[in-house]
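Let's take a friendly walk over a protein model together.

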Amino acid sequence: MRVIVIGAGEVGRSIAANLADSNEVVVIERDSEIVEELTYSLDVLSIAGDGTSLEILEEAGVEDADIVIASTDNDETNLVACGTAKTVSDAFTIARVKKTNLLDTWRRTKGAFGVDFMVGSDLLTAHAIVRIAGLPGAHDADVFAGGAVRMAEFEIAAESPIAGETIREADRFDSLTFAAIFREGEVTIPRGDTRIRAEDRLVVIGSPESVQEFATELYPAEARDGTDEVVIVGGSEIGFQTAKLFEDHGLKPRLVEQDHDRARELAEELPKTTVMESDATDAEFLSREHVDEADLLVATLESDQKNLLVSLLAERLGVDRSVAIVESPDYVDLFEAVGVDVAINPREETAEEITRFTREGEAENVAMLESDLAEVVEFEVDGDSLLVGRSIQEAMAELPECVVVGAITRDGAHITPRGDTRVEAGDHVVVFLATEVLDDVLDKI
Amino acid sequence: MRLRVGWRASVSLSGTVLKYLSVAFLVPILVSLLYEREDLLVFVATMAGTALAGTLLERVGSPEDLGDREAFLMVGLTWLLVAFVGAVPYVLAGTGTIAHPVNALFESMSGFTTTGSTVMRDISVEAHSRELMMWRQLTQWLGGMGIVVLAVAILSELSVGGAQLMEAEAPGPGVEKLTPRIAETARALWLAYVGFSIAEVLLLSLLGATELAPNMTAYGALAHTFTTMPTGGFSPQARSIEAFSWAVQWAIIPFMVVAGTNFVLFWQLLNGDWREAVADSEFRFYAGVLASLTAIVSVLLFVDGALVDAENVGRVAGAIEPSVRHAAFQVVSIVTTTGYASMNFDIWSPPAQYALVFAMFLGGSAGSTGGAIKMIRWLVILKSIRRELFTTVHPSAVRPVRLAGEPLDETAVRGIYTFTLLYFVLFLGGALLLALDAARVDGFEIEVIGLITACAATLGNIGPGLGVVGPMGNFVDFPWTSKLLMVGLMWIGRLEIFPVLVLLTRAYWRS
């Protein structure tokens, strides 16, 4: 496929990197230094210029392109770029936007603005926050097969009941598969005798109930309280969308915003949220409002430093769990290392969503783990798949090592894959695999 | 001193309205021709005089210069002029207590402002001509939906400044534009008003034609419709609605409820948006208040043993239907500020009477013909009290006051506080002045409840109070100074305080 990516910021770059291996990628970027640098670091063609200019798009070969992805930081630029591309080509256009109202307009009339697929980055991030918030201890969470299968990544604490156990010992949950362990930046596929250590990150795939049950066992204290008391700090668009999603889930979150006018605006838009006008780093305010009793604190301020500060302050006060937005991807690990429970990078979420979409055809749903180290992929098995007609154990022998069948759904019903399970054509299979073997494996199955 | 108000434009427009108002005298003239023609000349003369005065005033300036400030002056002035003109026939006819100029002005202002307080000692079509009585009813019908709203609906030259004019006159905070053109909105409101009026005339006439209400004549049906729909309360019967059967009383209750409802809702109903109309939070609150007050008063009337046999009414205590009927009638009548009486509630037990005093401050919905403080303001006040309680515990909370989920602008909330506070200040101040005036005049004595309710009834455009100004009494015995004060209260109350008070500020007249 020929893919044109407009804008080589973090999102564009990450998409380009994900797609470069198996596609012909052209990147258009205004900053010529970045263009220069990209030429050497990625196997892509990079062009300096304005992505809304037809001339530049033609130079990039837009007439023959299959996909055009507009991923600059500016909503309007992205829309105009898609519209411009549509004037001369039939390429599938994808635009990244921040403004939710643009997304609403597009959803009402698909194809509006000449955009075939629109990704609302802030809304996407809000969804990620809410998904993770529902699972105590989870760092990442995603759903597959229309909600029948759930994937989650947990960090194992030293006092966790399964720390020190082998996989075989820990495997006491119905319909749950231990798909992988991330240990010191490496992916390990767990075998029966693999021992789970503290600070491991464990990826599990299974029915939503079993994943929830597993989380409850790992973090009994947090699970007992549930996540009812949510405090969101920062009335950015992400904070606003997160509050709205929590409202939709029947919760009554509290939202702290320092700016008077923005606070009023948020209070008007969010009828079930208690909006507070205050500086969230004011300890007296935090204790007066009993923020320490919150089950979850979400930091969605505009600055990474402030998000870190607020999260740490909240952790210190005694908040059960903290989630922080991190704009610079380099800080994600740092945040989690110093004590923030979950750090989410909106650009990563966006890149993930766009990449996942471009993989459509090969897979129905994709989740990326640990900044692209591994992926969880859902697909429907067809007749000529390697999996059909043999047991999983037999099939695995012909596949690279870093592949695990996490879950199978047949006519919407969940089947726990074990060594002797046979896959049938038409089944939906959720597979964990390391990114390096992705293309190879997807061809076979 | 240089005036910053283009008063000539205001006066000119008031003149135009007056000129067109002269057409209204055709109704009493027609009635006169149908009956004894007692006061035919009176009305022909007044009509000619009004048309002439209107034409002369119209020439003072050009209506094109109408802005915000001029709109206030025009509305205030129009209502004063109309009240003066409306008083002329009473003086010229020279029958009964209303022949006195002050009384005539009081009666006229009470009519146009749909107050329904009367200084007629002898209310009947025997003591006064039928055409005079019909004029008295008609002033209420014209005043109900608003003379200025009517003018905006009819006169094309008012279309531009129309929104300001309606804002200054229409009851309740803010004008809702139903259609892009303000004149169309005004016409829509008047159309609903006329439609309901026709329905009521037909229903009452129908009842009159049957055994259910033999004493309801065609004249009576028209006369009572003219005073129900504007929530006015004048009846050509001294005993008000007590003079009629239970069927008529029940029939009038829904029309009073309709008159106290925001007419915008009927417009929505007409356009098929019944969901929106039913979901309207002010309407729900209004219906809830009417229902709960009726329930309370019904029980009070039912259990009160002192009320065995009221005069002309029969046994109420211990009887379910009469208790509910009189409770519902009186509660609806006072809340909507109509002021009709289905029985003399002055003989009710104290708790039931106080329930009515409480109801005097409630008022109908915004955009209705009702007076007093109005449901929407109370709803907002209750909600903001709840907000204050919450922010006392959480001082940094930002919490907009919401109506049906929609956040209200804080300036609107503040306006509502100010209005309500001013309303009570005027009420207490007015009552004090009335008390001082009563003390000044030898031989005039009035009990406190009469004094207080007289002030509440005129300021709220309700009509009857309790005691001497009760439903079967009247305001004629007050000193003339008190009557003039009450004329002022009715005027201020009808225009919802601000448009009148703003005329008294320096800032209004100077830049």
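## A tryptophan to start with

Is W250(B) buried, partly exposed or exposed? Keep in mind that this is a predicted model. The relative accessible area of W250(B) is 32%. Buried would need a value under 20% and exposed a value over 50%, so W250(B) counts as partly exposed. To find this residue, look in helix α11 of chain B.

## A nonpolar patch on chain B

W250(B) also belongs to a nonpolar patch on the surface.

Which elements give two or more residues to the nonpolar patch? They are three helices of chain B: α11 (246–259), α14 (281–303) and α15 (320–335). Helix α14(B) provides the largest share, with three residues.

Let's pick out one member, R386(B). You will find R386(B) in helix α17 of chain B, which covers residues 375–393. Is R386(B) buried or exposed? Its relative accessibility is 61%, and because the cut-off for exposed is over 50%, R386(B) counts as exposed.

## An annotated domain in chain A

Next, turn to chain A. An unreviewed UniProt entry carries the annotation "domain: RCK N-terminal", and in chain A this covers residues 1–119 and 227–344.

Let's look at residues 1–119 of chain A. How far apart are the end C-alpha atoms of this span? They lie 21 Å apart. The span is 42% helix and 24% strand.

## Two loop residues with positive phi

Here is something to know about backbones: most residues other than glycine have a negative phi. With that in mind, look at F113(A), where phi is positive, near 65°. F113(A) sits in the loop between α5 (100–108) and β6 (117–120) of chain A. This residue is partly exposed, at 33% relative accessibility.

Where is H290(A) found? Look in the loop between α12 (283–288) and β15 (296–299) of chain A. H290(A) is another residue other than glycine with a positive phi, here near 55°. Its relative accessibility is 42%, so H290(A) counts as partly exposed.

Technical notes
Residues are numbered from 1 along each chain as its sequence is written. Chains are lettered from A and ligands numbered from 1 in the order in which they are written. This is a predicted model: local features need pLDDT of at least 70, side-chain atom pairs count only at pLDDT 80 or more; totals for chains, interfaces and linings use all residues. Side-chain values use heavy atoms; hydrogens and water are left out. Patches are made of residues with over 30% relative accessible area and no salt bridge: like charges are joined within 9 Å, nonpolar side chains (Val, Leu, Ile, Met, Phe, Trp, Tyr) within 5 Å. Accessible areas come from the Shrake-Rupley method with a 1.4 Å probe; for residues, only the protein chains shown count as cover. A salt bridge is a side-chain nitrogen of Lys or Arg within 4 Å of a carboxyl oxygen of Asp or Glu. Helices (H or I, at least four residues) and strands (E, at least two) are DSSP runs, numbered from the N terminus. Buried means under 20% relative accessible area, exposed over 50%, partly exposed in between (1.4 Å probe, protein chains only). UniProt positions are given in the numbering used here, feature names are shortened, and annotations may be inferred rather than shown by experiment.
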